[in-house]
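I am opening this notebook to keep track of what I look up in the structure. The entries follow the order in which I went through it.

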Amino acid sequence: MAVVAAEAGEEYDGLAGTMKVFCGRANPTTGSVEWLEEDEHYDYHQEIARSSYADMLHDKDRNVKYYQGIRAAVKRVKEKGQTAIVLDIGTGTGLLSMMAVSAGADFCYAIEVFKPMADAAVKIVEKNGFSDKIKIINKHSTEVSVGPDGDMQCYANILVTELFDTELIGEGALPSYEHAHKNLVEENCEAVPHRATVYAQLVESKRMWSWNKLFPIHIQTDSVEKIIVAPSEMENCPGAPSVYDIQLNQMPSGDFTVLSNVLTMFSVDFSKQVYSSPAYHTMQFEPLVSGRAQVVLSWWDIDMDPDGKIKCSMAPYWVHSDPKNIQWRDHWMQCVYFLPNEEPVVQGESLYLTAHRDDYCVWYHLHKTRNEKSKSNFYGERPICECQAHLLWNRPRFGELNDQTRTEQYIQALKKVLKADSVCLCISDGSLLPILAHCVGVEQVFTMENSAVSHRLMKKIFKVNHLEDKINIIEKRPELLTSADLGDRKISVLLGEPFFTTSLLPWHNLYFWYARTAVTEHLADNITILPQAASLHMVVVEFKDLWRIRSPCGNCEGFDVHIMDDMIKHSLDFRESQEAEPHPLWEYSSRCLSEPQRVLTFDFCRPVPQQPLSAKGSISLQRPGRSHGVVLWMEYHLTAESSISTGLIQMLNAQGECSWNPHCKQAVYFFNSTLEAKTQDSSQNVMYALEFNPKVANS
């Protein structure tokens, strides 16, 4: 699905370029592999188009603090009567190197491993007049040599880097620093930033805990309440090994209870030798209130100078020193870590929280004595999912399955369409719909699972709920289904949420439609399909901050970075990069400037048509503001009376502030330019043209 959207009077030309290679890609909507011609630098363009470069250049707080820290470091070196030689690892645009030279550094070696970025840095440095004092080195820092014939003529005495992610060390900062101190910089060099400090806070949060464990599901039937439970190995599983990084500043204070003060877990001094070998740091504390310890929230700050006077903090609003003036950024957020099990804690008792780290990851362990070992071997080892669920379901999917209101909506819809003698087939990945169908009273239930992982997981869930003989799992793709798989019976009810693990954009779950078409010969003449249809919806939005990730920067702290803007725009001109982007909009404040509009409908009661579905029209801007783009989402019509939205839930007020489905990512199509909307001007419209091509489900 592609969206061509423009302010009235503007036109967007088609794509042009030399196609040189064939790329095989799995189409998540059709389920098939497609071979497409692409430019030979296709992967580079994707990396640049989806990068955080624009976000970082718009991060005023980051840029100002780096500049202040660099000036101070150069001054300290100069005051010692030394030549200031700077090593900038991961230079990107060359911004920090240009800051260093402007601050008085004598020479700067700027390392950038990504060739397109290194080439851009050369041009940016030249345009700003620093080519004689900045050398761009297109290598990984561990490959750089020092000496008369080396990449660097001498060791640096100022180390400048920006190698951090939300978790601080997830981009390999520690190994890079470790190597640099051993091979590229002088002992006791200046470093900007000088140090980083990681903080943690223990909380109880049913909402966040629902992203990690499967809660009991209550199903009320006519005669009795049935409870679906998770296997014990899922309850005791340490979960996914990766951190969950989110915009905690969008998390309402009512959705969690703080159980501890902010704990200073560990610091890294970047001016000294850094070690990437595994380590742990333990802090003793007393809970502020009694409760159930479930989640560790974590963030970091960086001191740009040894005295800690120049600080850049990622602290969330409830502990931030200036909560009304928090710098918005998307490249650094906050971390959510899940304890392997929830633990009851009592106010005032002595507890210990340990932060473990290796060279790329951090994880936490709560214990009552300093040297206590974890029963699940979690202590000291990176957590690994042992139950399969965290391999199949991501964090939002856990939350979706735990949404009892959503589950009840499916139950009520199932009660309307199912009969005791129905033959049900469910097509969705790792769905609980087959269980709901059986509990409603259907005896013959089949479910298709495409992967071995989903097959094994669902088998465990069925078994612990004594349903292993009640629900038949078919591990096949829909087009391979045979009558024998169904016991030579015809399907009378076809079910789907729909949800598929390969889906990134809302319409990717239209794979259900293709699956429905593939099993047509096995459907009864009076087939009932749930959901019976889907519709694509659109609304024009103004983002409070998210627009920054796609907005040109122009000049950054006095340096001309137009070349970077042009580079990103060129990459965005490639076909796939012009498509909408998936974003969880509950994390990003926005206002609807138009009313939501249904633009396409997909009838699941009929097979996928041979001809494309298309829609053209306009959306009138109803509220004043800056239109940054359109948001698209799907609504699934379970029955004629019941629908589930994957996008807009409701308008919160007359200003257009909106609430989005927190379990799904919505599709955002950013405009190339922004239109200032004025309500008295009724001629302000956004024109759109959409096409759904059934042969590729992508146009």
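**Entry 1: a covered helix**

I began with helix α6, and I noted that its buried residues pack against β4 (85-89), β7 (156-161), β8 (185-192), β14 (263-269) and β19 (351-357). Among the buried residues of α6 I listed Tyr177, Glu178, His179 and His181. Helices (H or I, at least four residues) and strands (E, at least two) are DSSP runs, numbered from the N terminus, and contact means heavy atoms within 4.5 Å.

**Entry 2: what I am reading**

This is a predicted model, in which local features need pLDDT of at least 70 and side-chain atom pairs count only at pLDDT 80 or more, while totals for chains, interfaces and linings use all residues. Residues are numbered from 1 along each chain as its sequence is written, and side-chain values use heavy atoms, with hydrogens and water left out.

**Entry 3: the cores**

I then looked up the largest nonpolar core, which has 114 residues, and found that Leu87 and Tyr364 have the most contacts inside it. Such a core is a set of buried Ala, Val, Leu, Ile, Met, Phe, Trp, Tyr and Cys residues joined through side-chain atoms within 4.5 Å. Strand β16 (residues 291-303) gives the most to this core, with 7 residues. Apart from this core lies another, of 49 residues, including Leu481 and Val630.

**Entry 4: Pro344**

Pro344 is in strand β18 (residues 334-345) and counts as partly exposed because its relative accessibility is 47%. Leaving aside residues up to four places away in sequence, I saw that Pro344 touches Gly291, Arg292 and Glu349. The C-alpha atoms of Pro344 and Gly291 are separated by 5.8 Å, although the two residues are 53 apart along the chain.

**Entry 5: backbone exceptions**

Most residues other than glycine have a negative phi, and most peptide bonds are trans. Here I noted a cis peptide bond from Val192 to Pro193, with omega near 0°, and Pro193 is found in the loop between β8 and β9 (195-204). Leu530 and Pro531 are also joined by a cis peptide bond, with omega about 5°. His466 has a positive phi, near 60°, and lies in the loop between α13 (452-464) and β23 (471-474); at 65% relative accessibility, His466 counts as exposed.

Methods: Buried means under 20% relative accessible area, exposed over 50%, partly exposed in between (1.4 Å probe, protein chains only).
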